[in-house]
Amino acid sequence: MNLKKPLLILLFIALSCNNETELIEPENNFNSKQERATRSLVQPTSQVHDNFEKTLQWVAFISTRVIMNNPMMRMEMYSILQGRNAVSIQELLGPDVNSNFKTKFIQELENYSGSSSSNQAENSTLPGIQTPPRPIKTCEDNSQICSSPYPGDQIFNTFWNEILVDHCIELYFPKGFSPLISTIDNNSITSTAHPLNTSNFNNGFKHNTIITDDTDIDGVTAISTVNASYLNTPRDFVIVARPLRTGSNCTYAEYNMNFLSFLP
């Protein structure tokens, strides 16, 4: 009996230590997962960063196509701005907005995303035009995209939700904006996006306006450097899509920079 009692005590101690270890390990794993989640919120991955910038490029690109060579759309944009140099996408495309700009933006987005309601238009206008890279896929991204079935409606809905729900975005006009369309050779609108870093330049797309209507497919040229010097050249306007810090959902704490300092 004297021998059994110490053995029972040792067995109890061993079992207690094993249970304690099992309790500690899950807690450590949970803390580790929490730390990884926190880091991912504060420091976006390069893929997330890249996709967001491409989304901004597309917002500026499509907005520019909407007002290109269309006096009514340009006058409406001029009226919306009311002397301001920036306007939020919510103000332009929000659920309570009923405007010609919103209608035309949806049509252009359907064209470039290849949604079912405008697949023929997408097929006839995309080849030959220079556009931003994904997340909106075009013929330039995949040569088969215009000749094979493609989930255009899904692309449309995903992009629409991203620019109106997932993010807060605004259009910025660093050179101001006029509703007039000039007939001089250097008349154009350049669309670009905030680079989401502290660089003072980014790629862009120059949209020529010297055509008779808005169906031109050759009037867009990729620009490698849009910077302060580019603003000083005799071009008409520049449209920048950039993040808008507002409310609790769009603090963009992961981007430690002043979005307003790009192309001031």
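Student: What makes both faces of β3 count as covered?

Tutor: Look at the residues on each side. S188, T190 and T192 sit on one face of β3, I189, S191 and A193 sit on the other, and all are buried. Buried means under 20% relative accessible area, with over 50% called exposed and anything in between partly exposed (1.4 Å probe, protein chains only). Six of the six residues of β3 fall in the buried class, so the strand is largely enclosed by the rest of the structure.

Student: And what kind of model is this?

Tutor: This is a predicted model, in which local features need pLDDT of at least 70 and side-chain atom pairs count only at pLDDT 80 or more, while totals for chains, interfaces and linings use all residues. Residues are numbered from 1 along each chain as its sequence is written, and side-chain values use heavy atoms, leaving out hydrogens and water.

Student: How many helices and strands does the chain have?

Tutor: Eight helices and six strands. These are DSSP runs numbered from the N terminus: H or I over at least four residues makes a helix, and E over at least two makes a strand. Along the sequence they come in the order α-α-α-β-α-α-α-α-β-β-β-β-α-β.

Student: Which strands is β3 joined to, and in which sense?

Tutor: β3 (residues 188-193) pairs with β6 in the parallel sense over five bridges, and five bridges join β3 to β4, running antiparallel. The test for pairing is at least two bridges found by DSSP between the two strands, so five bridges pass it in each case. As examples, S188 has N208 of β4 as its bridge partner, and I189 stands opposite F237 in β6.

Student: Why is β6 called mostly covered?

Tutor: Seven of the seven residues of β6 (residues 237-243) are buried. F237, I239, A241 and P243 point one way, V238, V240 and R242 point the other way, and all are buried.

Student: What else is β6 joined to?

Tutor: Strand β2 (residues 169-172), antiparallel, through four bridges. V240 of β6 is a handy landmark: Y172 stands opposite V240, and V240 is also the bridge partner of T192.

Student: How do you know whether N202 is buried or exposed?

Tutor: Its relative accessible area is 7%, under the cut-off, so N202 is buried. N202 lies in β4 (residues 202-208).

Student: What makes the pairing of the N202 and E53 side chains a polar contact?

Tutor: The distance is 3.0 Å. A polar contact is a pair of N or O atoms within 3.5 Å; within protein, one must be able to donate a hydrogen and the other to accept it, and residues adjacent in sequence count only if both atoms are side-chain atoms. The N202 side chain also reaches the backbone oxygen of A193 at 2.8 Å. Beyond its neighbours within four places in sequence, N202 touches residues including Q57, H194, S224 and F262, where contact means heavy atoms within 4.5 Å.

Student: Why are α2 and α7 called roughly perpendicular?

Tutor: Two packed helices are described by the angle between their axes and the distance between the axes. For α2 (residues 46-67) and α7 (residues 152-166), the angle is about 95° and the axes are 11 Å apart. Axes are lines fitted to C-alpha atoms, for helices over the stretch in contact, and angles run from 0 to 180 degrees between N-to-C directions. Under 35 degrees is roughly parallel, over 145 roughly antiparallel, 65 to 115 roughly perpendicular, and the rest oblique. The two helices are therefore roughly perpendicular to each other. T55, W58 and V59 of α2 make the contact with F159, E162 and I163 of α7.

Student: Which residues does S63 contact, leaving aside its neighbours within four places in sequence?

Tutor: F101, F105 and L171. S63, found in α2, has a relative accessible area of 1%, so it is buried. The S63 side chain reaches the backbone oxygen of V59 at 2.8 Å.

Student: What is the phi of L196?

Tutor: About 65°, a positive value although L196 is not a glycine. L196 lies in the loop between β3 and β4, and at 2% relative accessible area it is buried.
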